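Morning, everyone. I have one structure to go through today, so let me put it on the screen.

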Amino acid sequence: MKLRIFPIVGEALNLGARRMETVARVAWLPLVLLLIANMVAIFAYLSVIAGRLVTFADIPTYARAQITVSQFASKGFSESPAEMWLITAISIFISWLLVSSYMAPLIRYAGLGIKPRPGVIRLPFGASQLRFLVASILSFVVTAFLMFVPIAVAGFYTLKYVANALAETVASFPDATSLHTIEITTAGKTMAAEGSDWIYNHVIPLAGVAPLIFLLWMILFFHFHPRNRNTDAEGGNFIARLLVTFLVTIVSMIGAYFLLAETVIQQFRSDAIFLASFASFVEQANALHASLSLDFTTLKEAVMFLIKSPVNRLLFFGVASFFLMNYVSIRLMPYVGIAVCRGSLGPGGTLRVSRGWNILRLAVIVGFVGGVLLLVQAVFINGILLKSFLPAIASLLYEATAVSTKLVNSGEVASWVLPTFVWIWNITKILINLVWTIFSVSVWATLYGRLYRESEVAQ
């Protein structure tokens, strides 16, 4: 079974445009409630941080409120961690419920052709929604915890050894002829002056990440076995496959190290920050319910150490994490659609969809769909429609309205004109973003549904 890139991409982009009325009927209410829930959470954060109730009267725009929260979130989590984490937990729970409410029926519509039940005001939650939630959480747990945690642990022990070794106190004698010129310094400074610190900054971290490189090599070696590529060869050329996958592993690691360093570090640190946040959440849960007896303090300290580590030492582990976690994410991607459409949490044909070369095809499909959505939103909607085209029209209408009110209001612009146009403009932006979000939702739901059908063909 070979994934056909352009037919799958075309179907994903086509359903939302062709069946927009059905998608909008299913998704509009959960999306509006999701927006309201996010607004409530943002202003709840601000109220906890400020120690009083904060509303739109204090901060007139939602965007400004989001920026303010990002600026003072650390203050809130350090001074009122229980309240901040309670808001976070409730917000995530409500978001999950609302997302599952529209994603499950849309995935079934795309995968099975089962049209959602009639009705404009719909907020269902049943077995399909529950399977969507559980499948999403299982995929996330496998990727984030079973894959990232071992990488983080390996990185911590390696970089902790490097940090301790470079922090060792040593004595040096600037004047070799006199013992009175003794100077106390660190091994790191001494090695930097001698130009030999590359051993600790590069060689030892590379040695620490070597088992992960070997793991990636073995994954590629077995993934591209001839039986996974639908070839007639029984075992293929063992030596050739071993050498080719080794070269691909090394070239990929080197390429990411030099060309994708910033992206890799950002992804690694964002994953580490999430893990540290989860550990902090567990700490607060322990504080409220001592019977839980879950100690994540060591994990949190280890992750925070990684986040603060120098980039040149952390980058090796970031590159390994980048490839391993993306590999697992792509392999598990069809699982959500399969669980929803099959009505079972069994894996079904999840791994068959991305066997052999299909993993590259699926990566291209996901990248292409995501790239198209990002390009349209960034360039057309935000860069042209909302930044120049519609503002120009709104400005012309405002000026025309203002001039007309002057004629009947003794040369003064009516007081209602500016507030009315501000409200119209804000509502227009909300509607445009809502329509685009509905379309984006339909694209991903269709992709999940199509991957389910591909899994059935693969079996």
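Of the 459 residues in this protein, 41% are buried. Keep in mind that this is a predicted model. The secondary structure comes to 15 helices and two strands. The C-alpha trace spans about 100 × 70 × 50 Å along its principal axes.

Next, contacts along the chain. Take the contacts with a separation of 6 or more: 74% of them are between residues 24 or more positions apart.

Now some helix packing. Start with α2, residues 20-50, and helix α4, residues 81-112. How do these two run relative to each other? Their axes come within 10 Å and cross at roughly 175°. An angle over 145 degrees counts as roughly antiparallel, and therefore α2 and α4 are roughly antiparallel to each other. The contact of α2 with α4 has 22 nonpolar residues, six polar and one charged.

While we are on α2, look at Ala50, which lies in that helix. Is Ala50 buried, exposed or partly exposed? Its relative accessibility is 45%, so Ala50 counts as partly exposed; the exposed class needs over 50%. Ala50 and Val336 are 286 residues apart along the chain, and their C-alpha atoms are separated by 40 Å.

The second pair is helix α11, residues 311-332, and α14. Their axes are 10 Å apart, and the helices pack at an angle of about 90°. That makes α11 roughly perpendicular to α14. By class, this contact has five nonpolar residues, no polar ones and one charged. On the α11 side you will find Tyr327, Ile330 and Arg331, and they meet Ile359, Leu362 and Ala363 in α14.

Last topic: the pocket. Rolling a probe the size of a water molecule over the atoms shows where empty space is left. The largest pocket here has a volume of about 880 Å³. Its lining consists of 26 residues, and Leu35, Met39, Tyr62, Ile430 and Asn433 lie nearest the centre.

Which helix gives the most to that lining? The answer is α15, with twelve residues. By class, the lining of the largest pocket divides into 19 nonpolar residues, six polar and one charged.

That is all I have. Questions are welcome.

Technical notes: Residues are numbered from 1 along each chain as its sequence is written. This is a predicted model: local features need pLDDT of at least 70, side-chain atom pairs count only at pLDDT 80 or more; totals for chains, interfaces and linings use all residues. Side-chain values use heavy atoms; hydrogens and water are left out. On a 1 Å grid over the protein atoms alone, a cavity is a set of points where a 1.4 Å probe fits but cannot get out, and a pocket is an open set with protein on both sides within 12 Å along at least five of seven lines; lining residues have an atom within 4 Å of a point. Grid points are joined across faces, edges and corners, and a volume is the space filled by probe spheres set on the points. Helices (H or I, at least four residues) and strands (E, at least two) are DSSP runs, numbered from the N terminus. Ala, Val, Leu, Ile, Met, Phe, Trp, Tyr, Cys and Pro count as nonpolar, Asp, Glu, Lys and Arg as charged, and the others, Gly among them, as polar. Axes are lines fitted to C-alpha atoms, for helices over the stretch in contact, and angles run from 0 to 180 degrees between N-to-C directions. Angles under 35 degrees count as roughly parallel, over 145 as roughly antiparallel, 65 to 115 as roughly perpendicular and the rest as oblique. Buried means under 20% relative accessible area, exposed over 50%, partly exposed in between (1.4 Å probe, protein chains only). Contact means heavy atoms within 4.5 Å.
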